[in-house]
Amino acid sequence: MNCPECDALIVVAEDTRVNEVVECESCQTELEVLSTQPIILAVAPEIEEDWGE
Amino acid sequence: MNCPECDALIVVAEDTRVNEVVECESCQTELEVLSTQPIILAVAPEIEEDWGE
Amino acid sequence: MKVSVIGASGYIGGELLRLLLQHPNIEVIAATSNQYKGDYIFNVHPNLRGYTSLKFSGHDEILSSDVIFLCLPHGIAMSHIDSYSQKAKYIIDLSSDFRIKDINQYYKWYKKKHEQPTWLPKFVSGIPEFYRESIEKANYIAIPGCMANASLMALMPLEKENVLGNHRIIIDAKTGSSGSGATPNLSNLHAQRSGTVRLFKSMGHRHEAELKQEINKDVQLTVTSVELVRGIQISAHVTFNREIQEKELWSIYRKYYNDEPFIRIIKQKKGLYRYPEPKILSGTNYCDIGFSLDQETGKHAVIISAIDNLVKGGAGNAVQVLNIVAGWDETLGLNFIGLHPI
Amino acid sequence: MKVSVIGASGYIGGELLRLLLQHPNIEVIAATSNQYKGDYIFNVHPNLRGYTSLKFSGHDEILSSDVIFLCLPHGIAMSHIDSYSQKAKYIIDLSSDFRIKDINQYYKWYKKKHEQPTWLPKFVSGIPEFYRESIEKANYIAIPGCMANASLMALMPLEKENVLGNHRIIIDAKTGSSGSGATPNLSNLHAQRSGTVRLFKSMGHRHEAELKQEINKDVQLTVTSVELVRGIQISAHVTFNREIQEKELWSIYRKYYNDEPFIRIIKQKKGLYRYPEPKILSGTNYCDIGFSLDQETGKHAVIISAIDNLVKGGAGNAVQVLNIVAGWDETLGLNFIGLHPI
Amino acid sequence: MKVSVIGASGYIGGELLRLLLQHPNIEVIAATSNQYKGDYIFNVHPNLRGYTSLKFSGHDEILSSDVIFLCLPHGIAMSHIDSYSQKAKYIIDLSSDFRIKDINQYYKWYKKKHEQPTWLPKFVSGIPEFYRESIEKANYIAIPGCMANASLMALMPLEKENVLGNHRIIIDAKTGSSGSGATPNLSNLHAQRSGTVRLFKSMGHRHEAELKQEINKDVQLTVTSVELVRGIQISAHVTFNREIQEKELWSIYRKYYNDEPFIRIIKQKKGLYRYPEPKILSGTNYCDIGFSLDQETGKHAVIISAIDNLVKGGAGNAVQVLNIVAGWDETLGLNFIGLHPI
Amino acid sequence: MKVSVIGASGYIGGELLRLLLQHPNIEVIAATSNQYKGDYIFNVHPNLRGYTSLKFSGHDEILSSDVIFLCLPHGIAMSHIDSYSQKAKYIIDLSSDFRIKDINQYYKWYKKKHEQPTWLPKFVSGIPEFYRESIEKANYIAIPGCMANASLMALMPLEKENVLGNHRIIIDAKTGSSGSGATPNLSNLHAQRSGTVRLFKSMGHRHEAELKQEINKDVQLTVTSVELVRGIQISAHVTFNREIQEKELWSIYRKYYNDEPFIRIIKQKKGLYRYPEPKILSGTNYCDIGFSLDQETGKHAVIISAIDNLVKGGAGNAVQVLNIVAGWDETLGLNFIGLHPI
Ligand SMILES: NC(=O)c1ccc[n+]([C@@H]2O[C@H](COP(=O)([O-])OP(=O)(O)OC[C@H]3O[C@@H](n4cnc5c(N)ncnc54)[C@H](OP(=O)(O)O)[C@@H]3O)[C@@H](O)[C@H]2O)c1
Ligand SMILES: NC(=O)c1ccc[n+]([C@@H]2O[C@H](COP(=O)([O-])OP(=O)(O)OC[C@H]3O[C@@H](n4cnc5c(N)ncnc54)[C@H](OP(=O)(O)O)[C@@H]3O)[C@@H](O)[C@H]2O)c1
Ligand SMILES: NC(=O)c1ccc[n+]([C@@H]2O[C@H](COP(=O)([O-])OP(=O)(O)OC[C@H]3O[C@@H](n4cnc5c(N)ncnc54)[C@H](OP(=O)(O)O)[C@@H]3O)[C@@H](O)[C@H]2O)c1
Ligand SMILES: NC(=O)c1ccc[n+]([C@@H]2O[C@H](COP(=O)([O-])OP(=O)(O)OC[C@H]3O[C@@H](n4cnc5c(N)ncnc54)[C@H](OP(=O)(O)O)[C@@H]3O)[C@@H](O)[C@H]2O)c1
Ligand SMILES: [Zn+2]
Ligand SMILES: [Zn+2]
């Protein structure tokens, strides 16, 4: 399973359920589990925060 | 009289003599007085210094 | 003249108070803060001890004044602009509410609909070096953003002289911590912010919008936080549409800035301070500008500019603008030399 | 008045130039340096760009002046004092050459015989707060050392009121890097000096000699370098010869300092800046003083004072002294408010 | 050994993670934070990227562990101590909850009744240099406060050798900003905290209580914030009950510290770093100690000590303590040399 | 292995000693300095107290060693290379003497004829990430310049994948003060260097030559000094020869760096440290790399990289190279995690 944002390998736990949100360790994108068999992940909608300014 | 390097106005003292070196206030280029009547200035040869490193 | 400062507990408000309290023609009659309402101003701005016994009033207790300075976070001034305008003839806004003339651009950059589009054309851009004549006649002035101002001072002469090439202009800005205001948060916590070289905005900084309004080129503003409280330095990497000579650059900058009281061209062959540097500008209203041409190609240059973000980047520029509006000597109250070493 | 600054390329000389160039009654006619002879002053002091086109002259090219300021390393002014005195009516020495009245003490602390003992009594101590009347009539004035001055401002009122106990007074001083002057050496190399908390003199610092001349008690000065360019803060740990009340301390300090233009008593219950702190004093001539009494014993207190070592600790104090000598408003040219944040 | 860190998002918790993650005998099984629950540890402690993929769990999700480290603000650990003790055999508390043995003293200094007086005697003081034997047998250890620790290391040998006089011992401490933790507030806002020399506690700092528990003398702790992220340096001004010789001081400190792996006596006659200084200790578990005797009186001295507040002043000391408890080499995981220049 | 460090009193030499003294397979047998000949190493590098009792020997007292590390100013190693090569099988040069392969280029950038052109081809470029296989077999290795290395790590993957456009690549580098070495001069005097944002080389920095040797594009290196002792951060402004997607950038960088022990790709959506930043790398051998694509055009990006100039930018890289040469685990002696906060 690879991250749709950065292509990093993502290990999704076996008991993961649909609609759960997992986070990519490499880029911290939040990914929604669209289906579990097979596992399909989609980038969860995000609000851009103001950071550092 | 203008600086040959940066075009700043340069006031050359009346008693300036040929071969004297004057410095431009604006860019600090050292200027050699090639002639006094009329005043002709040329950029004096410079050794580039290593600065700030 | 009687003036009020709205949002006086913040860094821009405090700096404005410092300048106004020693300005010979000005009397500060009110300074607002909700957070510190009722406290002495010098409890928040300790440098002002001995200079004023005024206390903060609330943001809504606006007195009739000749001038109101707005030092609020963006998005707030616009909600109250009608009522401010009933209290004062002149309004000088240091926030970004009236800087962007095009409401679509405003929406794009601020992700929010502008609440007062009819007020936008009433505001004049507070850039004395390029809009002095409009400022003289204005009642409402929008002071530019600090990084926008530093960048514009570097680029406008080249833009006006039509020598800029079409390549993207890269502005690499370095900024101090006072630029993010007086509200504590994780990003400006000392232990985190200290010693950083933190690129926090690679492109798309809101001040880019202000640049694009004036410079008709592809401009990118990349902003990095460095260890500094006050100060901004930018290096603008430009290309030219033709080969250019150093002398020509000198004459372009001379043309626009020779008579400007607060612009110095810094391009020295001696000493340590050969290009503009912000630290010696702390507290001054200078924008120092320098440039370095690529002699091999004649087509690339780095333009460097430096300001104190709180002074020329905000409060000092606002005072300069008021001096123009009021018909006073433009440098009144702005003659601090700057410190060295510092 | 026409003034000359001898040793004008150093930090004290540069600071003096900054103050003198904007002083309304003063014209700087000469500034000396051998190292930079012939260079523009602003090549060395970049903050002065735009304020003067003067160039450095050599240390021996002394012009007739109304006032000569001496900003030389210690041990040099005394060799030339006779010739200086032929060139100027007033001499204000910022070095330590004429501070110690007793030549044996001078020898003890400077490990060198004083070359001009007859000149010593001609010099008045440049401490306006305690020697104003002598200064008014003086031609020759010796400005105190920066740490001595900060310490004396803290202790003199207690000494004069006879409340100090006999225990050793411990003065723990923290100092910035400009205090050691403009000559590069390993100890002030940025990578070494940066971020230090370096106790470099546990006792026996030469400024102790100046303290002992004024304070008839066992005084110890311990000096630690901290990360700072400008500024000194001292905490003086004192004991009293009787139980004392906070109110009494207030009244003692008020008695001596209420009318002093450059002393502020800082002891606040609100805000972050409750005791004196040097950073907000950068560029100002203030000496801020605060105190904290041990309420349990009534016998111990910490007295805190802070200055900018280059201003109240040197150049600013010298200008204040000149204002007194010349009969001008004592604050002339010294009205900079100080910056915050910084 | 399996360990859990409670309060792992703070500065002490983060430092502990750094040390534990590279400790050969330790596996970190849990790190708690409510604020960052579910986030990767390296999002908060960016230095740990690549060293762990663990995420923060909530403060109440305590797993069974061999050791629990408590890195909570004071007053919290005591409320949960019973439940922690059911989850782990060893508890090492880095807060102040179990440091003060006397509940009246606890009340005096913390203005709060101790909730678990019966737990107090179960805790051993985590000072390896003086309580190693008790630590070896302990299950519950209270790590001393950072300034207390630095001060105790300086004073304990003199106290134990009975050479201290009766005069008040003045400890003038200088501290960095990480000492106040990771929660943003006005006092640690970069623009305010930067460049300070801010005396924020003239006397009565809570670490004084810990000192008084060990040193049977009148001790005063005066604390000043300086520009530094990590590090504490103290100068302790002591008097002796008899004339003493430098040689004797050397032998006293040697007696207690010669075999201590993390104490170095620093009193050099060469180089820039003659006395202890915190910057070169960043990241190390050293407490460097030096002294300077007043040779004229033989009765006064300045004792200087320096530590990294997060390491020897907290997390490193805690790891050293664990090494002792576990019977491992005391220096395991603590062998970082320290950086220079820095 | 027995190693000697030539030029061991400088910053690179000192850092190398720090790393070598804790390296399990290495014994340092000599460290040279003429200035400090006969002094203990720890008098100059105070962090090494307790780790070695070695004294500096003179630069000409070279012992037979397995490896000689050269940490001399440029232009010196080449004069002695023959004699060094008789003393050691492996020579690792940290100066620039053998970096530039083309003697004409050497002349152009160093304004000096190369004295040992026949030695140039014997030296392998010490960039493990791109020349690991050559290094494995090499006896003589030239470590790249610190800014060159940081820039190459950012650019090489793009160069190798042929995605770079033809526009000038602008590298805006920010650097700390340790990069200019341990010799005091006006430019690194604390009071002058402190708080600077000083553009000191707009283009034509010598490290540019090293870049141009590897990157077949128009590259410009602009260098600005910022307030920092250790550390370099660069932002490289690149264009692409076609539209590119963020995912592709991820995969390009992954391709080259996924197995590299000292490269981390930092591009985070959470926390404060989203892009590479040097302060948390102090003392570590990491080169952190991040990138930000202009999503609107797909043709512009900023590539950010950060290193500790003394470690990955010099001494650490040299140790990594030695580990490769010796066939040891490449990370031996280089496993320091880095500090936070700092
Ligand atoms: N800092 C700079 O370098 C700089 C330079 C140029 C322009 N500016 C602009 O100047 C403005 C102020 O910036 P700053 O850095 O001074 O910010 P700041 O330090 O955060 O101060 C903000 C001020 O606005 C007031 N305020 C905050 N929230 C408010 C609200 N919801 N309603 C009414 N008043 C509110 C605060 O008063 P309370 O005490 O009641 O919170 C405070 O006085 C901003 O628009 C900024 O973009 C800043
Ligand atoms: N720094 C402070 O905070 C402070 C405060 C109060 C008083 N002071 C006192 O002020 C004096 C100057 O201190 P500073 O910090 O300004 O020192 P500095 O930066 O080192 O400057 C020394 C000045 O003296 C000149 N000078 C040096 N050696 C000389 C020599 N052998 N003969 C003649 N002139 C020489 C130098 O001129 P060249 O260019 O020719 O070298 C330079 O202008 C000292 O006596 C110091 O104790 C300093
Ligand atoms: N900093 C030092 O130099 C130092 C040295 C020695 C000892 N200490 C001691 O170590 C302890 C931690 O100090 P610090 O500097 O690391 O503080 P800090 O940075 O503020 O961290 C506090 C930690 O405690 C947690 N926490 C905060 N409030 C809590 C609450 N109400 N209930 C449960 N957990 C809470 C926080 O987690 P959340 O993410 O959930 O907020 C955070 O992990 C203190 O007792 C301090 O005295 C500090
Ligand atoms: N600083 C960095 O970030 C960095 C990074 C990568 C590479 N480098 C390279 O590493 C080399 C050393 O840099 P550095 O920063 O460590 O410089 P440094 O601090 O100035 O040290 C220079 C060293 O070379 C010795 N040395 C000086 N002049 C010499 C001479 N004429 N003959 C023989 N030895 C002499 C010095 O010994 P004495 O005690 O006898 O003077 C000292 O040990 C340079 O080539 C530099 O480009 C530096
Ligand atoms: Zn991802
Ligand atoms: Zn010129």
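Colleague: Which residues come nearest to ligand 1?

Modeller: Bear in mind that this model is predicted. Ligand 1 has 27 residues around it. Those that come nearest are C:Ser9, C:Ser33, C:Asn34, C:His59 and C:Leu72.

Colleague: How far is an oxygen atom of ligand 1 from a polar side-chain atom of C:Ser33?

Modeller: Polar contacts here are pairs of N or O atoms within 3.5 Å. A backbone N or O atom of C:Ser178 lies 3.1 Å from a nitrogen atom of ligand 1. The side chain of C:Gln35 has an N or O atom 2.9 Å from an oxygen atom of the ligand. For C:Ser33, the distance is 2.6 Å.

Colleague: How much of the accessible area of ligand 1 does the protein cover?

Modeller: On its own, ligand 1 has 890 Å² of accessible area. The share that the protein covers is 79%.

Colleague: Now ligand 3. Which residues are closest to it?

Modeller: The surroundings of ligand 3 comprise 26 residues. The closest of them belong to chain E: E:Ser9, E:Ser33, E:Asn34, E:His59 and E:Leu72.

Colleague: What is the distance from an oxygen atom of ligand 3 to the side chain of E:Ser9?

Modeller: Start with two other contacts. An oxygen atom of ligand 3 sits 2.8 Å from a side-chain N or O atom of E:Asn309, and one is 2.7 Å from a polar backbone atom of E:Asn34. At E:Ser9, an N or O atom of the side chain and an oxygen atom of the ligand are separated by 2.5 Å.

Colleague: What about ligand 4: how far is one of its oxygen atoms from the side chain of F:Ser33?

Modeller: F:Ser33 is among the closest of the 26 residues surrounding ligand 4. A polar backbone atom of F:Ala182 is 2.8 Å from an oxygen atom of the ligand. For a side-chain N or O atom of F:His59, the distance is 2.7 Å. For F:Ser33 it is 2.6 Å.

Colleague: How much of the area of ligand 4 does the protein bury?

Modeller: Taken alone, ligand 4 exposes 890 Å². The part buried by the protein amounts to 79%.

Colleague: Turn to the metals. Why is the arrangement around the zinc ion (ligand 5) tetrahedral?

Modeller: The protein donors are the SG atoms of A:Cys3, A:Cys6, A:Cys24 and A:Cys27, 2.3 to 2.4 Å from the zinc ion. Four donors count as tetrahedral if all angles lie between 85 and 135 degrees. The arrangement qualifies because the donor atoms subtend angles of 105 to 112°.

Colleague: Is A:Cys24 buried or exposed?

Modeller: Buried means under 20% relative accessible area. A:Cys24 has 1%, so A:Cys24 is buried.

Colleague: What spacing do the donors of the zinc ion (ligand 6) follow?

Modeller: The protein donors are B:Cys3, B:Cys6, B:Cys24 and B:Cys27, each through SG. Angles of 106 to 112° among the four donor atoms go with a tetrahedral site. B:Cys3 and B:Cys6 are both buried. Along the chain, the donors follow C-x2-C-x17-C-x2-C.

Notes:
Residues are numbered from 1 along each chain as its sequence is written. Chains are lettered from A and ligands numbered from 1 in the order in which they are written. This is a predicted model: local features need pLDDT of at least 70, side-chain atom pairs count only at pLDDT 80 or more; totals for chains, interfaces and linings use all residues. Side-chain values use heavy atoms; hydrogens and water are left out. Donors are N, O and S atoms within 2.8 Å of the metal (3.2 Å for Na, K and Ca); water is not among the atoms, so sites may look incomplete. Four donors count as tetrahedral if all angles lie between 85 and 135 degrees; four count as square planar and six as octahedral if opposite donors are over 155 degrees apart and all others between 65 and 115; anything else is irregular. Buried means under 20% relative accessible area, exposed over 50%, partly exposed in between (1.4 Å probe, protein chains only). A residue is near a molecule or strand if one of its heavy atoms lies within 4 Å of it. A polar contact is a pair of N or O atoms within 3.5 Å; within protein, one must be able to donate a hydrogen and the other to accept it, and residues adjacent in sequence count only if both atoms are side-chain atoms. Accessible areas come from the Shrake-Rupley method with a 1.4 Å probe; for residues, only the protein chains shown count as cover.
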